[in-house]
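Biologist: Can you take me through this model? I would like to start with the sheet and then go residue by residue.

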Amino acid sequence: MVPSPVLLVEVTSPSSRSVDFLLKPGEYSELESVREIWVVEGHRRRVRTWTRTERGWEIVDTIGSGTFRSELLGADITLDEVYEDTTV
């Protein structure tokens with residue numbers, strides 16, 4: 001367990017998808033150290049990112065073959081990279 005995580009990545013499963021997408025990010029966002037949350041769907045190409053900004057949390061859905069920005073990593077992340085070596 002990491003005491004003060006800055007990036008949390010949650011991979012959903014069919015049985016826990018609604019909890020992973022709706023409840024866990026809200027709980028994770030209460031941790032002061034967390035700057036980004038990625039919720040990665042396990043059965044289709046979709047990543048929802050939560051990024052802490054000065055205005056609050058910015059939430060972006062990226063689907064298919066899109067790209068999202070990770071300010072924490074200082075990089076654009078493609079879904080091809082996220083799903084590399086998977087059948088999704």
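**Sheet, hairpins and cores**

Modeller: The model is predicted. It has an open sheet of four strands in the order β1-β2-β3-β4, with mixed pairing.

Biologist: Which strands stand at the edges?

Modeller: β1, residues 7-11, and β4. Each has a single partner strand, so one side of each is left without a neighbour in the sheet.

Biologist: And how are neighbouring strands turned against each other?

Modeller: By 15° on average, with direction ignored.

Biologist: How many bridges join β3 to β4?

Modeller: Eight, and the two strands run antiparallel. They form a hairpin with two residues between them. T53 has G56 in β4 as its bridge partner. R46 stands opposite I63 of β4.

Biologist: Staying on β3, is R48 buried or exposed?

Modeller: R48, which lies in β3 (residues 46-53), has 17% relative accessibility. The cut-off for buried is under 20%, so R48 counts as buried.

Biologist: What does the R48 side chain make a polar contact with?

Modeller: With the side chain of D61, at 2.8 Å.

Biologist: Now T62. Where is T62 found?

Modeller: In β4, which covers residues 56-63. T62 is buried, because its relative accessible area is 5%.

Biologist: What is T62 in contact with, leaving aside neighbours within four places in sequence?

Modeller: R45, R46, V47, T67, F68 and L79.

Biologist: L79 is on that list. What does L79 itself touch, not counting residues up to four places away?

Modeller: R45, R46, V47, T62, I63, G64, G66 and F68.

Biologist: Which residues make up the largest nonpolar core?

Modeller: There are seven: W38, V40, V47, F68, I77, L79 and Y83. A second, separate core has six residues, including L8, Y28, V34 and I37.

Biologist: F68 and I77 are both in the largest core. Where does F68 stand in the strand pairing?

Modeller: F68 is opposite I77, which belongs to β6. The strands involved are β5 (residues 67-70) and β6 (residues 75-78), which run antiparallel and are joined by four bridges.

Biologist: How many residues lie between the strands in the hairpin of β5 and β6?

Modeller: Four. In that hairpin, G74 takes a positive phi near 65°.

Biologist: Change of topic. Which residue has a positive phi although it is not a glycine?

Modeller: D85, with a phi of about 65°.

Biologist: Where is D85 found?

Modeller: In the segment after α2, and α2 covers 79-82.

Biologist: Is D85 buried or exposed?

Modeller: Exposed, because its relative accessibility is 78% and the cut-off for exposed is over 50%.

Technical notes: Residues are numbered from 1 along each chain as its sequence is written. This is a predicted model: local features need pLDDT of at least 70, side-chain atom pairs count only at pLDDT 80 or more; totals for chains, interfaces and linings use all residues. Side-chain values use heavy atoms; hydrogens and water are left out. Buried means under 20% relative accessible area, exposed over 50%, partly exposed in between (1.4 Å probe, protein chains only). A polar contact is a pair of N or O atoms within 3.5 Å; within protein, one must be able to donate a hydrogen and the other to accept it, and residues adjacent in sequence count only if both atoms are side-chain atoms. A nonpolar core is a set of buried Ala, Val, Leu, Ile, Met, Phe, Trp, Tyr and Cys residues joined through side-chain atoms within 4.5 Å. Contact means heavy atoms within 4.5 Å. Two strands pair if DSSP finds at least two bridges between them. Axes are lines fitted to C-alpha atoms, for helices over the stretch in contact, and angles run from 0 to 180 degrees between N-to-C directions.
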